[in-house]
Structures are given as C-alpha cells and as structure tokens.
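Subject: Structure for your review

Dear colleague,

Please find the sequence and structure below. The findings follow.

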There are 2 protein chains.
Amino acid sequence: MSKPLILITNDDGVFSKGISELIKLARPLGEILVVAPDKARSGQSSALTVTRPLLYDDIQVEDGLRIISCTGTPADCVKLAFSQQLPDVERVPDLVLSGINHGSNSSINVIYSGTMGAAIEGALHRAPSIGLSLCDHSDDADFSQALPHFRHIVERVLAWSLPQGVCLNVNAPVGEIKGIKVCRQAPGLWSNEFMKTLTPFDKHCFWLTGSFSNEEPGAVDTDEWALGEGLISVQPVQTDLTDYNLLKTLTF
Amino acid sequence: MSKPLILITNDDGVFSKGISELIKLARPLGEILVVAPDKARSGQSSALTVTRPLLYDDIQVEDGLRIISCTGTPADCVKLAFSQQLPDVERVPDLVLSGINHGSNSSINVIYSGTMGAAIEGALHRAPSIGLSLCDHSDDADFSQALPHFRHIVERVLAWSLPQGVCLNVNAPVGEIKGIKVCRQAPGLWSNEFMKTLTPFDKHCFWLTGSFSNEEPGAVDTDEWALGEGLISVQPVQTDLTDYNLLKTLTF
C-alpha cells in the first residue's frame, strides 16, 4: 500500500516556523504536499480569491516532499491541491493538516481563522482534516511541548479517519501540557475592537485589535477552560451550520 | 419608544442594486445605518482586515438614513458599526440585515459567503441578523418577486428576535415564489473548481470557477430542494461550530 498523501497548509505563510514544525512532524507519516500562502493570511476565514487568478511557485521538491507557495488564501490552497490540476500532483490528499498556527483559534476565533478555513475546506473535500494552533503569537514561538501531543492526535486521525464533513480544531496552551481534552467551543465576545487613529490627511482610520472575553467562564467543558488548565483542546467542527434546535420551532 | 436602529451591509458593495433594494425595504421599519464595502467583496466569508486600517466615507446622510462606504470586508463593516467609534453613531444596531446578495448562498456556499459572514458577525454581537440572497448573479437582477417575502421575514424577526448566537440564511429563487420554507443546509460539493490558463510569461494560473452538486438530491427538507420548488429557503445558522454528536464519542 502506498503511503498516505498528506496536504499541509497554514495561514501564517509558507515560510513561517509553525508550518516547518508541522512538516517535520508529518514527514515520517506519509508523502507530503505543502500548498501554502506566499505571505501571512491571518483572519481569512474561508475566504476565496474570486477576482484574480491564483499563481504558484515550487519552493522545494525532493523525494516524498514538495513545497508549493501560492498567492491565494488558505482555503484557495486546499482547493488547488484537491483540483488535480497542479502538474505532477496525481492523487487527492488523504489527510489535511493546517498550521501550526502562531496564536489561538479557540472559542469564536474558529470563525475568523484562516487555519480553520483550510481545515474546513479539507472536510468539504471529504478528507479528514485538522487545524493545529499554539496559543503564542510570536514568530519564534516554542512548539516543542505541543509537538508530541499533536503527533499523537494526527496519528490517531490517520488510523481512524473522521466522519464526513467534520474536522478538528486543536489548540495547545503554552508551557507544560497536562493532557488532551475533547471540548465544545466556548461562547466568546470581542470588545474594544478598534484602535482609532488619524491619517496624515486628518481622516479617521481604524486598526483591528480588541479584548476577548469567555462568556461562560464557569463552564468546565469548553476549549477556553481546557487551555486555562494546561490541556490541549480538541473541538470537533461541523460544516453543516444549521441550528437544528431552531429548525424544529421556526415558522414564517 | 425610539425606532429600532437597523444596520445594513452586503458583500457586493455599497453601490449594488441589491443593497439599494434592501434599504428601500427596511426604511419604513426603523432608523437605517448602512456600513458596506466600497467595492465587491464576494467570497470573503468571515474574513477580517488585520494588516491595514479601515477607512470610511459618508456617502449619504439624511433624516433616518446614513450610508457609509468602508474599505473593509463585510464582517469588518459590522464590527465597525458595533464599535461605537464612528462619529455620530450613538447606539448599537438592534437588527442586522445583509444583502440582498446577487447570487445564491444556499448549501455549503453559506461557508464562503461574505453576505453570511456579516450576518454571523451580527449574531456574534448579540443582534438578530439575517442574510438575504436572490439566486441571480446579474448586476441588474429583478428582486421584485422576493421583496414582499423578505419584508415579511424581516418584520417577523424584528417582532420575535432570534436566539442568541443564531442568524438566518434566507435565499429566494428567481421567478414566481410559492412560499417560505425553513430548511437545513443541503450537503454539497464543488468540483472542477479552476480554469487553468497561462500568463504572458508562460506560468500556469488558476481562476476560481466550478460546478456545484447537491449531494442529497432526494431529500425534501434542504435549502436546495426548497429553491428548486420555487420556495424561499430560511436556514437557521449557528455560530457554535461544535459537532455535538462527535463530541460525545471522540477520545484521544
């Protein structure tokens, strides 16, 4: 049996430390195809490039590893890898790994995350898909404590697969890791979302920033709780956004 | 009691026909604040602008109506409207309306939709929020048959509100409308997603395109089914992406 084809992408760009660490992690587990953005594309959610064509460059090609830089968003990169239109990409990926993101994608941040946009895109293409993040934004974040746990999760998903249309949102706390916890998404709220400044022409302009709050701080089954306890959070994420509770009662 | 403040945005840009029709629809129902992208931002999902500041311009200000053009994404526009940092915007919106989109946002297209990214952002800010779309991409689409039904839905949501964290994805078919159906999201698949061409420098480039297929064509409770029957589909959309079925059984 041939080795699985593992697609790796991210939203911090193909030259970030997090994706290098993920490539090293995955290398022994299969044949690696990297298609990742040529620059940082944080906060891109499931955005697609619709008004321009995508371009790509081969960055590195060696036995069992090919690294491609792409001008698109994380979700574009996944679509392109599954399109079977890239030269010498002859099969569709068996597994999609996105990350390792520099920064948390827990709680409602899953909605804005380009890392998770790529994992969701993998799930929409019927492949088991995992977004991996470390709660440290710095360019030189230390992934060493998270890596053995991430590898355990990736190996289990390779062995088990995942139900169709579901992917995983995996977040690791910084520092010592005490275990892995399967969690629901904490309800959260961003406030004070902009820093207001003036342009040289005396116009107001607004830089995105903000303060995050966990809206259920007492709950002990959420991703935010797990991360606060030194646990890696694993949220199963669905691509069917229907609210089935409201579906039962809503009428017009 | 003061009139409700209704925020209107879209992803086709502030000068599109669909948003003009929505402003006309909403005008008798409250005070209208429009904060919408200065150009088309289709396929932007819940993307945010993180590396540049947002700028805005007042396009029109009159009694009960203010129209602001913004350099951001649909979700950025909603954040800015809720920020209470825009001059002379003294309260947060009571209702968010996004659209009317030129083109369908049914099935998995809800995931890529900037129209729905804005509605989801409204729900994250605790406001009842509705994304409205017509299944006609043309710039001069005819919204006339859908408008009375859209108005009915908006009035009901204004009267009832919606549960916290849930918004509505409303899609109308073209032509005669036979009613309104509350639906789940049809599972769908995009294939043949790129047109491959050559640049003048003989590099491959890829334009997003594709063929959509409904993966449950026999089901009679999905949005795709409803639209095919001449019904307006109303999907309740949740902002908690947790898959609660898998949550029960997944362990690591």
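**The sheet of chain B**

Strand β5 (residues 95-102) and strand β6 (residues 129-134), both of chain B, pair in the parallel sense over five bridges. Strands here are DSSP runs of E with at least two residues, helices are runs of H or I with at least four, and both are numbered from the N terminus; two strands pair if DSSP finds at least two bridges between them. B:Asn101 has B:Ser133 as its bridge partner in β6(B).

Please note that this is a predicted model, in which local features need pLDDT of at least 70, side-chain atom pairs count only at pLDDT 80 or more, and totals for chains, interfaces and linings use all residues. Residues are numbered from 1 along each chain as its sequence is written, while chains are lettered from A and ligands numbered from 1 in the order in which they are written.

The pair β5(B) and β6(B) belongs to an open sheet of nine strands with mixed pairing, in the order β3-β4-β2-β1-β5-β6-β7-β13-β8 (chain B). At its edges stand β3 (56-62) and β8 (179-182) of chain B, each with a single partner strand, so one side of each has no neighbour in the sheet. From one strand to the next, the twist averages 20 degrees. Helix α4 (residues 114-124) of chain B packs on this sheet and touches β1 (5-9), β5, β6, β7 (166-172) and β13 (231-238) of chain B. Residues are in contact if their C-beta atoms, placed from the backbone, lie within 7 Å. The direction of α4(B) makes about 165 degrees with that of β6(B); axes are lines fitted to C-alpha atoms, for helices over the stretch in contact, and angles run from 0 to 180 degrees between N-to-C directions.

**Chain A**

In chain A, β8(A) and strand β13 (residues 231-238) pair in the parallel sense over four bridges, with A:Ile232 in β13(A) as the bridge partner of A:Ile180. Helix α1 (residues 17-26) of chain A packs on the sheet, where it touches β1 (5-9), β2 (31-37), β5 (95-102) and β6 (129-134) of chain A. Helix α2 (residues 74-82) of chain A also packs there, touching β1, β2, β4 (65-70) and β5 of chain A. The direction of α1(A) makes about 140 degrees with that of β5(A), and the direction of α2(A) makes about 140 degrees with that of β2(A).

Helix α4 (residues 114-124) of chain A is mostly covered, with 11 of its 11 residues buried. A residue counts as buried if 20 or more other C-beta atoms lie within 10 Å of its own, as exposed if 12 or fewer do, and as partly exposed in between. Among the buried residues of α4(A) are A:Met116, A:Ile120 and A:Glu121. A:Arg126, which follows α4(A), has a positive phi near 70 degrees.

**The two copies**

Chain B can be laid on chain A with an RMSD of 0.0 Å by a turn of 180 degrees and a shift of 0.0 Å along the axis. The two copies are thus related as by a two-fold rotation axis. The superposition is by least squares on the C-alpha atoms of residues with pLDDT of at least 70 in both copies.

In the interface, 58 residues of chain B are in contact with 58 residues of chain A. β13(B) gives the most to the side of chain B that touches chain A, with five residues.

Yours sincerely

Key:
Contact = placed C-beta atoms within 7 Å.
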